[in-house]
Amino acid sequence: MDVDDSRAPKGSLRKFLEHLSGAGKAIGVLTSGGDAQGMNAAVRAVVRMGIYVGAKVYFIYEGYQGMVDGGSNIAEADWESVSSILQVGGTIIGSARCQAFRTREGRLKAACNLLQRGITNLCVIGGDGSLTGANLFRKEWSGLLEELARNSQIDKEAVQKYAYLNVVGMVGSIDNDFCGTDMTIGTDSALHRIIEVVDAIMTTAQSHQRTFVLEVMGRHCGYLALVSALACGADWVFLPESPPEEGWEEQMCVKLSENRARKKRLNIIIVAEGAIDTQNKPITSEKIKELVVTQLGYDTRVTILGHVQRGGTPSAFDRILASRMGVEAVIALLEATPDTPACVVSLNGNHAVRLPLMECVQMTQDVQKAMDERRFQDAVRLRGRSFAGNLNTYKRLAIKLPDDQIPKTNCNVAVINVGAPAAGMNAAVRSAVRVGIADGHRMLAIYDGFDGFAKGQIKEIGWTDVGGWTGQGGSILGTKRVLPGKYLEEIATQMRTHSINALLIIGGFEAYKSACDMAEARGLHQELCIPLCVVPATISNNVPGTEISLGSDTGLNAVVETCDRIKQSASGTKRRVFIIETMGGYCGYLANMGGLAAGADAAYIFEEPFDIRDLQSNVEHLTEKMKTTIQRGLVLRNESCSENYTTDFIYQLYSEEGKGVFDCRKNVLGHMQQGGAPSPFDRNFGTKISARAMEWITAKLKEARGRGKKFTTDDSVCVLGISKRNVIFQPVAELKKQTDFEHRIPKEQWWLKLRPLMKILAKYKASYDVSDSGQLEHVQPWSV
């Protein structure tokens with residue numbers, strides 16, 4: 001049963017999905033080239049969104065080969081045919097390399113097969129080769145139709161009726177080797193596989209004081225190698241885009257021996273499979289092993305990860321990315337005209353964008369050309385801002401200059417963790433400490449939050465003290481929810497005693513509130529007139545001034561993994577509905593995004609009030625669902641979404657109303673969402689955002705150097721966060737207006753725009769605002 005849930009405000013300038021119709025249109029979806037985790041989530045989104053808008057959707061099995069062969073390889077999909085595939089890796093519709101499609105004769109057969117089913121809209125999920133093939137097919141379309149008409153395989157009416165082919169691409173590639181998008185589908189999941197292996201190897205390597213050389217995928221792109229090196233604090237990394245300088249062999253051996261001398265019991269070297277030197281000669285993992293053994297005599301092992309990286313279940317990030325891209329692809333096809341160029345839907349910052357397909361392909365090919373011509377700086381620049389930023393951050397954190405080569409600033413910068421623990425906090429502290437030391441500051445660690453601050457639990461922390469912190473969960477410094485309010489006098493005294501010149505606060509809503517309180521108290525305590533920067537870190541993702549908080553990705557993965565297991569337990573017991581309670585305080589981020597990533601039927605959140613009629617309609621919806629082949633349900637509930645509609649109440653209501661149709665089980669996820677090792681995203685994000693915060697602090701201190709300047713302006717107390725497509729510093733004084741302090745959430749939250757997606761993909765009617773869609777942008781080398 002479809003339930004109307006169109007609550008979004010309807011303004012004359014807004015454009016909603018209801019204004020678009022797919023009636024009479026046929027969409028073909030195929031996966032091509034190498035498989036990637038998350039492809040199934042994209043296929044599911046295309047099929048369900050296509051059906052939702054009234055189009056027919058066809059699976060094209062085995063990629064272009066299936067299109068050329070036709071017959072049963074092109075089959076109509078229905079709602080249920082994409083059930084239970086969100087959590088499955090690979091692609092259920094198969095993928096194959098196809099030589100026939102490279103020939104005009106092959107493309108002629110493909111066109112004929114598509115026309116038999118009236119398909120003139122193609123959604124292609126693959127790499128740059130697959131997308132280039134689709135664009136060529138689109139360009140040749142009218143010529144192919146004329147040839148088919150001359151051969152009497154189609155009539156003149158068909159040539160008129162199916163005159164043009166629309167093509168929209170989604171990039172599915174674990175290498176993240178496609179220019180124009182921050183992340184391709186599958187990259188985050190591949191990083192999960194790599195980091196799982198690295199974490200496991202680290203324990204055995206420490207036991208035996210071994211060196212491990214890890215080879216990861218990336219024949220032409222070093223993204224996986226670079227980000228995994230950043231995420232695990234590797235000693236050395238080899239990339240195709242940025243070969244090591246001449247004499248690297250000696251430099252690497254010196255670095256490894258220095259690390260051993262600092263009591264480090266293991267060395268990790270990460271190599272991209274396409275790693276080269278400045279003369280474009282391959283650098284293999286075996287060559288590196290031989291070098292370490294002969295020069296240093298270390299016990300060295302090589303591990304080649306291979307196809308492990310392509311396998312396994314997709315991460316929460318990849319499922320949400322693929323679902324968003326799939327929906328956007330269908331909207332792009334509905335809006336396409338004969339003049340619309342083939343586009344690729346991609347991610348820029350946290351926003352879905354459309355880019356001309358061939359511009360992206362051209363830039364991707366330009367990177368390879370730059371590498372072939374040994375213009376390596378150009379190759380890094382063309383890869384985009386994100387890649388260059390990762391590389392610079394890695395270099396700053398991996399290699400410490402001798403103390404006598406670092407100009408001292410005579411400034412003391414303190415780091416504190418505040419609020420509940422969040423995965424990634426330790427990566428952020430490590431990054432801040434090392435960047436601070438590299439900038440010439442003396443770094444101080446404050447233990448046990450503001451409670452410890454007031455008691456003077458403050459110690460200097462050095463470069464090697466934070467070694468190995470990136471993969472650690474929780475907070476090594478210790479963290480408490482205590483606010484500074486009642487300790488301001490003692491904290492001011494400690495700041496004076498330790499001559500603290502700047503403070504980095506890493507934490508959740510308490511960290512933000514602490515910065516607000518300290519800014520207000522500046523008139524009473526001049527010691528507080530220093531630069532204060534907040535790095536948001538909480539699984540709840542409820543800090544104003546940022547769209548993503550450190551730790552929320554790890555928490556989301558914990559929710560999704562548990563939902564997967566719970567859904568699997570229901571596969572043997574039919575007709576069962578699970579009600580799962582997530583954390584988040586009053587913020588529904590985990591429940592809503594967990595629902596989108598796990599394929600939930602409903603998610604109850606505080607931000608969208610609901611009543612007994614909504615609960616009743618959800619029960620009716622599930623009752624209808626039990627009549628299909630998908631005989632199970634998943635309902636998520638944010639812990640504070642309603643005072644009266646508690647998890648127990650909803651469980652009892654569902655149990656009573658569903659009697660004889662389905663039974664219910666409930667599960668409260670609790671603190672498991674806060675625990676565990678940080679996800680690759682959180683390790684990388686914590687490392688980069690904290691380094692950025694320290695750069696800001698250094699710049700502020702430089703302004704004041706020698707002038708004894710007191711910081712009293714609003715712009716010296718900031719939250720550092722992601723907003724739209726940029727990393728920005730926002731004064732807490734400005735953010736106060738955007739904050740609901742009673743419920744500890746921002747007044748506006750970007751992810752609420754994605755709420756209708758979850759409903760549409762669960763077969764509800766929902767009003768989806770597509771005003772942001774439709775603008776074809778141009779790719780910029782520095783836009784990524």
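Okay, let's start with T120, which touches A26, W141, Y162, Y164, L165 and N166, leaving aside residues up to four places away in sequence. Before I go on, keep in mind that this is a predicted model. So where does T120 sit? You'll find T120 in the loop between α3, residues 104–115, and β5, residues 121–126. And is T120 buried or exposed? The cut-off for buried is under 20% relative accessible area, and T120 comes in at 14% relative accessibility, so T120 counts as buried.

Now, on to the sheet. We have 7 strands forming an open sheet, and the order is β4-β3-β2-β5-β6-β11-β12, with mixed pairing. At the edges are β4, 74–76, and β12, 351–356, and each of those pairs on one side only. If you look at neighbouring strands here, on average they're turned by 25° against each other, ignoring direction. A quick reminder: strands of a sheet pair through backbone hydrogen bonds, either parallel or antiparallel. Take β2, residues 26–31, and β3, residues 56–60: those two pair in the parallel sense over 4 bridges. For a specific pair to click on, I27 has V57 in β3 as its bridge partner. Then there's helix α1, residues 39–52, which packs on the sheet and touches β2, β3, β5 and β6, that last one being 166–171. The direction of α1 makes about 175° with that of β2.

Helix α18 covers residues 552–569 and α19 covers 589–598, and they pack at an angle of about 50° with their axes 9 Å apart. That makes α18 and α19 oblique to each other, and their crossing is right-handed. Who makes the contact? From α18 it's S552, G555, L556, V559, V560, C563 and K567, and from α19 it's Y589, L590, M593, G594, A597 and A598. Sorted by class, the contact of α18 with α19 has 9 nonpolar, 3 polar and 1 charged residues.

Let me stay on α19 for a moment. How many of its residues are buried? In α19, 10 of its 10 residues are buried, and among them are A591, N592, G595 and L596. What do the buried residues of α19 pack against? Apart from α18, we've got α10 (316–335), β18 (576–582), β19 (602–604), β20 (632–638) and α24 (755–761).

Terms used
Residues numbered from 1 in each chain as written. Predicted model: local features only at pLDDT ≥ 70, side-chain atom pairs only at ≥ 80, totals over all residues. Heavy atoms only, no water. Buried < 20%, exposed > 50% of the residue type's maximum accessible area, 1.4 Å probe, protein only. Contact = heavy atoms within 4.5 Å. Axes fitted to C-alpha atoms, helices over the stretch in contact; angles between N-to-C directions. Parallel < 35°, antiparallel > 145°, perpendicular 65-115°, else oblique. Left-handed = near helix turned anticlockwise from the far one by under 90°. Nonpolar A, V, L, I, M, F, W, Y, C, P; charged D, E, K, R; others polar. Pairing = 2+ DSSP bridges.
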